Amino acid sequence: MSQGFTGSENYLLQLARRSFLRLWSWPNLFRDQKASGGSDGKELCDLLVVFGRDVIIFSDKLCEFPNSGDLQLDWCRWYKRAIHKSANQALGAKRWLENYPDRVYVDATCQTSLPITIPNEKVRFHLVVVAHGSGEPCSRYFKDSASLMVNTRIVGEAHMTPREQVQPFTVGIVNEKGPFVHVLDDSSLDTLLNYLDTAGDLVEYLTAREKFLGSRLVVTVGEEELLGFYMSKFENGRRDFVVPSSVNAVLVDLAWLYQFRLVPSEKRG
C-alpha cells in the first residue's frame with residue numbers, strides 16, 4: 001500500500017489512520033489508464049473510503065497561497081490550483097469507479113488490484129476536496145478565523161470570475177452542474193474526524209451537508225459553525241440540519257442562527 005507522495009497526502013493518510021477511517025481507507029490508488037509513452041497508471045485519488053454502499057473520494061492538494069499584492073488575483077490563482085483542479089480529479093475518480101470498478105489498483109504499475117469490491121448498486125458517492133495553504137492568509141484577512149467561509153450564492157466559475165467581484169477565502173457550490181463537492185481546509189477535516197467518531201457518523205454528516213448546502217442559500221463563517229449547528233439539532237432521532245421547509249436562506253455565525261425566506265425582488269414592496 002502506498003505511503004503517500006506529498007506532505008499533505010501523508011497528513012491525510014495519517015489522519016485517516018489515527019481515526020476510525022483506518023478500517024475503511026485506501027490511499028493513493030491508480031487506474032490502468034496510462035499516459036502516452038508511460039509505464040505507470042494514472043492516479044485515481046489521494047484517499048478512498050469504502051463503507052458499505054457509501055464511497056468517499058478524497059482529493060488533497062497543498063498549494064502555497066500567492067502574495068502578489070492583489071488579493072483577489074491571488075485567491076483566483078490559489079482556488080484554481082487547490083480547489084478547482086482537485087474537484088476535477090474527484091469527479092474523474094467518481095466516473096472511473098462507476099464505469100470501471102474492477103480496474104482500480106494499489107500500485108502505480110497496476111499489478112495489484114484493490115482487494116475490495118466497489119459497490120455498483122445504490123452506491124452513494126461523497127466527493128471531498130481537502131485544500132491546504134490558505135490558513136495563514138485567511139486568518140490575517142478575517143482577523144480571527146483560519147477557516148474558509150461558506151456562501152452558497154457563489155456558484156461554479158463565480159469563485160474566479162469576474163475577478164473584481166470574487167470573494168476571497170469563501171467557497172460556495174463548486175460544481176455548478178453535476179455531483180456536489182465538499183471543500184474542507186487545513187483544519188476542518190481534522191475537526192470533523194474528532195467530533196464524528198465513526199464512519200457512519202461521517203457519512204451521515206456528508207449526506208446531510210450536501211442536502212443542506214445544495215437546497216438553499218447558506219452563509220457561515222466556517223465549517224466549525226456548520227458542524228455545531230448539525231450537532232445541536234435532531235430530527236427523527238438523528239442529528240441533522242433542521243430548518244422549516246419554508247426557510248430558503250440560513251446565516252450561521254459564532255453565536256446565532258438566523259433563518260429567513262428570501263423574496264424575489266419583483267415581489268417585494
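A pocket is here an open set of grid points, on a 1 Å grid, with protein on both sides within 12 Å along at least five of seven lines. The model under discussion is predicted.

The largest pocket has a volume of about 230 Å³. Its lining comprises 13 residues, of which Phe-65, Pro-66, Asn-67, Pro-137 and Arg-140 are the closest to the centre. Two elements, helix H2 (71–99) and helix H3 (135–142), each give two or more residues to this lining. H3 gives the most, with 4 residues. By class, the lining of the largest pocket holds 6 nonpolar, 3 polar and 4 charged residues.

**Sheet**

Six strands form an open sheet in the order E4-E1-E2-E3-E5-E8, and the pairing is mixed. Strand E4 (104–105) and E8 are the edge strands, each pairing on one side only. Strands of a sheet pair through backbone hydrogen bonds, either parallel or antiparallel.

| Strand pair | Sense | Bridges |
|---|---|---|
| E1 and E2 | antiparallel | 7 bridges |
| E1 and E4 | antiparallel | 2 bridges |
| E3 and E5 | parallel | 9 bridges |

Individual bridge partners illustrate these pairings. Phe-30 stands opposite Glu-43 in E2, and the bridge partner of Phe-30 in E4 is Tyr-105. For Leu-62, the bridge partner in E5 is His-132. E1 is largely enclosed by the rest of the structure, because 7 of its 10 residues are buried; a residue counts as buried when its relative accessible area is under 20%.

In soluble globular proteins, nonpolar side chains tend to be buried together. In this model the largest nonpolar core has 39 residues, and those with the most contacts inside it are Leu-48, Ile-57, Trp-75, Ile-83 and Leu-97. At least two residues of this core come from each of strand E1 (25–34), strand E2 (41–51), strand E3 (54–62), H2, strand E5 (124–132) and strand E8 (181–184). H2 provides the largest share of the core, 12 residues.

The surroundings of Leu-48 can be given in detail. With neighbours within four places in sequence left aside, Leu-48 is in contact with Trp-24, Ser-25, Trp-26, Leu-29, Val-55, Ile-56, Ile-57, Leu-97, Leu-114 and Ile-118.

Note on methods: Residues are numbered from 1 along each chain as its sequence is written. This is a predicted model: local features need pLDDT of at least 70, side-chain atom pairs count only at pLDDT 80 or more; totals for chains, interfaces and linings use all residues. Side-chain values use heavy atoms; hydrogens and water are left out. On a 1 Å grid over the protein atoms alone, a cavity is a set of points where a 1.4 Å probe fits but cannot get out, and a pocket is an open set with protein on both sides within 12 Å along at least five of seven lines; lining residues have an atom within 4 Å of a point. Grid points are joined across faces, edges and corners, and a volume is the space filled by probe spheres set on the points. Ala, Val, Leu, Ile, Met, Phe, Trp, Tyr, Cys and Pro count as nonpolar, Asp, Glu, Lys and Arg as charged, and the others, Gly among them, as polar. A nonpolar core is a set of buried Ala, Val, Leu, Ile, Met, Phe, Trp, Tyr and Cys residues joined through side-chain atoms within 4.5 Å. Buried means under 20% relative accessible area, exposed over 50%, partly exposed in between (1.4 Å probe, protein chains only). Contact means heavy atoms within 4.5 Å. Two strands pair if DSSP finds at least two bridges between them.
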